[in-house]
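Biologist: I have a chain on screen and some questions about how it folds. Can we go through it piece by piece?

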Amino acid sequence: MQRSRRRKQCFARLADLYSRMDAAYQAAADRVQFTCADCAHNCCVSHFQHHTMVEWAYFLEGIKGHSPEAQAQFLALAQANLTEVQRALALGETPQAMCPMNQAGLCGIYAHRFMICRLHGVAHVITPPGRETHAFPGCPRYEALAMTGAGDPMDRTPFYQELAAVDRAFRETLAGPRPKVDLTLSEMLLLGPPR
Ligand code: SF4
């Protein structure tokens, strides 16, 4: 099968997985009437790192929907973001640099945003293969709402497993080496698509 066709299939699988993540997230949020509306903390300044090549490539597909001028602006913002993150890390601080895709509070690649952008906030559990389940409480606003007892952590495990499977299939379409990925959105944007 042609490489471009196999990639499109991976992107379709990822889009389907993302839609099911969104639904599971919304169900967990609804159980405690959790929303991000009017939150003083913007998650888009969080120091997120991403670990799959398929998300990296799908994110850059989303960028193509913007004008060349807008894409150039995103690149400039990504460079500024990277400079600030490196400065903070060198000082031993936790970086708090705004994501270059945030446009006046709205995500500039909403349909193509990463898994962590979709799942951040609600309490969750993860069970790595052959290891114990780890529980995470969610953001402070979610945690306060969940204290009422209505909270029910979202199990991210099947989503992580499925994402890993889609990533393996995507990596098979790459010509070059397939190293471990541990990059921020800005680093991915500045590097260009994985090959
Ligand atoms: S990709 Fe979108 S949702 Fe994710 S941090 Fe950037 S602006 Fe926020």
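**Surface, fold and core**

Modeller: The chain exposes about 10900 Å², and carbon and sulfur atoms supply 57% of that area. Accessible areas come from the Shrake-Rupley method with a 1.4 Å probe, and for residues only the protein chains shown count as cover. This is a predicted model: local features need pLDDT of at least 70, side-chain atom pairs count only at pLDDT 80 or more, and totals for chains, interfaces and linings use all residues. Residues are numbered from 1 along each chain as its sequence is written, and side-chain values use heavy atoms, with hydrogens and water left out.

Biologist: How many helices and strands does the secondary structure of the chain come to?

Modeller: Helices (H or I, at least four residues) and strands (E, at least two) are DSSP runs, numbered from the N terminus. Along the sequence the pattern reads α-α-α-β-β-α-β-β-α-β-α-α. The count is seven helices and five strands.

Biologist: What is the radius of gyration of the chain?

Modeller: The secondary structure comprises seven helices and five strands. The radius is taken over C-alpha atoms, and the globule rule is 2.2 Å times the number of residues to the power 0.38. That rule gives 16 Å for 195 residues, and the chain comes close to it, so it is as compact as a globular protein of that length; its radius of gyration is 17 Å.

Biologist: What percentage of the residues in the chain is buried?

Modeller: Buried means under 20% relative accessible area, exposed over 50%, and partly exposed in between (1.4 Å probe, protein chains only). The chain has 195 residues, and the buried share is 39%.

Biologist: Why is helix H2 largely enclosed by the rest of the structure?

Modeller: H2 covers residues 53–63. Its buried residues include Met-53, Trp-56, Phe-59 and Ile-63. They pack against helices H1 (3–31), H3 (68–90), H4 (115–119), H6 (157–171) and H7 (185–191). H2 is largely enclosed because ten of its eleven residues are buried.

**Aromatic pairs**

Biologist: How many aromatic pairs does a search of the whole structure find?

Modeller: Rings of Phe, Tyr and Trp (its six-membered ring) pair if their centres lie within 6.5 Å. Planes under 30 degrees apart count as stacked, over 60 as edge-to-face and the rest as tilted. The search finds five.

Biologist: What is the distance between the ring centres of Tyr-18 and Tyr-58?

Modeller: Their planes stand at 50°, so the pair is tilted, and the centres are 6.0 Å apart.

Modeller: Tyr-18 is buried at 2% relative accessibility. Tyr-58 is buried too, at 10%.

Biologist: Where is Phe-114, the partner of Phe-59?

Modeller: Phe-59 is buried at 0% relative accessibility, and Phe-114 at 1%. The two rings form a tilted pair, 5.2 Å centre to centre with 50° between the planes. The pair links distant parts of the chain, 55 residues apart: Phe-59 is in helix H2, and Phe-114 is in the loop between S2 and H4.

**Loops and sheet**

Biologist: Which side chain makes a polar contact with that of Thr-52?

Modeller: Thr-52 is found in the loop between H1 and H2. Its relative accessibility is 9%, so Thr-52 counts as buried. A polar contact is a pair of N or O atoms within 3.5 Å; within protein, one must be able to donate a hydrogen and the other to accept it, and residues adjacent in sequence count only if both atoms are side-chain atoms. Here the separation is 3.3 Å, and the partner is Glu-55.

Biologist: Which residues is Cys-43 in contact with, leaving aside its neighbours within four places in sequence?

Modeller: Contact means heavy atoms within 4.5 Å. Cys-43 is placed in the loop between H1 and H2. Cys-43 is partly exposed, at 27% relative accessible area. Its contacts beyond those neighbours are Phe-48 and His-120.

Biologist: Is Asp-38 buried or exposed?

Modeller: Asp-38 is found in the loop between H1 and H2. Asp-38 has a positive phi of about 60°, although it is not a glycine. With a relative accessible area of 77%, Asp-38 is exposed.

Biologist: Which residue in S4 is the bridge partner of His-124?

Modeller: Two strands pair if DSSP finds at least two bridges between them. Three strands form an open sheet of mixed pairing, in the order S4-S3-S5. Three bridges join S3 (residues 124–126) to S4, and these two run antiparallel. The partner of His-124 is Phe-136.
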